[in-house]
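These are my notebook entries on one structure. I list what I looked up, entry by entry.

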Amino acid sequence: TPSSSSKLEEIKQLDRAKSKQTKTKDKVNQLADPLSAVRRNPKGGVYVNPAELKQAFEFFDVDGKNYITIQDLKKRLSVFYQNLTLREYKFLMNNKQELTEQDLYNLLSNNELTNYDPVSEAFKIYDPNDTGFLDVEVFKEILQNLGFSDITDSDIKTLIDSADMDGDGKVSLNDFRNML
């Protein structure tokens with residue numbers, strides 16, 4: 001009947017509005033407490049997604065040997081961190097000469113990092129002076145070191161504009177978080 005059809009449509013609209021309110025509330029809660037958005041493992045630490053770990057491992061295993069070494073880490077991490085010491089590289093390798101993907105998973109999966117925000121940690125690479133905003137020159141240098149040597153200032157502006165969620169012309173941690 002027409003009235004039951006319109007009632008059904010009204011219920012659907014209310015349901016959509018409620019869903020939108022819930023998503024907005026969740027987003028506000030995540031901004032207030034970014035750690036609430038971090039997926040957790042059974043020990044309460046940061047969850048390690050096997051597919052994401054595989055991608056990260058392949059990024060470091062530049063020669064496709066199915067294991068990584070300190071040299072592999074240096075080759076890739078020096079793009080982001082120019083001042084890591086040998087001691088820090090050894091720590092990252094768990095004092096081993098080689099790590100397989102399974103070794104890395106075993107090392108990371110049962111972590112107990114409860115007060116760790118991976119997005120905030122990643123953002124620090126792009127904001128080395130702790131200004132609260134992405135440093136455009138650092139961003140450009142990282143892209144060039146990753147092989148994007150022909151990137152123009154116009155390209156950089158386009159990338160920043162697309163990441164700038166609040167329209168202030170800069171990329172903050174919250175912009176960075178929302179972009180991901």
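**Entry 1: aromatic rings**

I searched the whole structure and found 4 aromatic pairs. I counted rings of Phe, Tyr and Trp (its six-membered ring) as a pair if their centres lie within 6.5 Å; planes under 30 degrees apart are stacked, over 60 edge-to-face, and the rest tilted. The ring centres of Phe 123 and Phe 176 are 5.3 Å apart and the planes stand at 55 degrees, so I noted this pair as tilted. Phe 123 belongs to helix H6 (residues 118-126) and Phe 176 to helix H9 (residues 173-179), so the pair ties together parts 53 residues apart in sequence.

I then looked up accessibility, where buried means under 20% relative accessible area, exposed over 50%, and partly exposed in between (1.4 Å probe, protein chains only). Phe 123 has a relative accessible area of 4% and is therefore buried. Phe 176 counts as buried too, at 8%.

For Tyr 126 and Phe 139 I noted ring centres 5.9 Å apart and planes at 70 degrees, so this pair is edge-to-face. Tyr 126 is in helix H6 and Phe 139 in helix H7, 13 residues apart, and the pair links distant parts of the chain. Both Tyr 126 and Phe 139 are buried. Ring pairs join Phe 123, Tyr 126, Phe 139 and Phe 176 into a cluster.

**Entry 2: source and numbering**

I am working from a predicted model, in which local features need pLDDT of at least 70 and side-chain atom pairs count only at pLDDT 80 or more, while totals for chains, interfaces and linings use all residues. Residues are numbered from 1 along each chain as its sequence is written, and side-chain values use heavy atoms, with hydrogens and water left out.

**Entry 3: the chain as a whole**

I looked up the secondary structure and found 9 helices and 0 strands. Helices (H or I, at least four residues) and strands (E, at least two) are DSSP runs, numbered from the N terminus. Along the sequence the pattern reads α-α-α-α-α-α-α-α-α. The chain has 180 residues, of which 25% count as buried. I took contact to mean heavy atoms within 4.5 Å. Of the contacts between residues at least 6 apart in sequence, 50% join residues at least 24 apart.

**Entry 4: H7 against H8**

How do helix H7 and helix H8 pack, and at what angle? H7 (residues 136-145) and H8 (residues 153-163) pack at about 110 degrees, with axes 11 Å apart. That makes H7 roughly perpendicular to H8. Angles under 35 degrees count as roughly parallel, over 145 as roughly antiparallel, 65 to 115 as roughly perpendicular and the rest as oblique. The axes are lines fitted to C-alpha atoms, for helices over the stretch in contact, and the angles run from 0 to 180 degrees between N-to-C directions.

On the H7 side I listed Val 136, Phe 139, Lys 140 and Leu 143, which meet Asp 153, Ile 156, Leu 159 and Ile 160 in H8. By class, this contact of H7 with H8 has 6 nonpolar, no polar and 2 charged residues. Ala, Val, Leu, Ile, Met, Phe, Trp, Tyr, Cys and Pro count as nonpolar, Asp, Glu, Lys and Arg as charged, and the others, Gly among them, as polar.

**Entry 5: positive phi**

Most residues other than glycine have a negative phi. Asn 66, not a glycine, has a positive phi near 70 degrees. I found Asn 66 in the loop between helix H2 (50-60) and helix H3 (70-77). Asn 66 is exposed, with a relative accessible area of 57%.

Asn 94 is not a glycine either, and its phi is positive, about 60 degrees. Asn 94 sits in the loop between helix H4 (86-92) and helix H5 (101-109). Its relative accessible area is 38%, so I noted Asn 94 as partly exposed.
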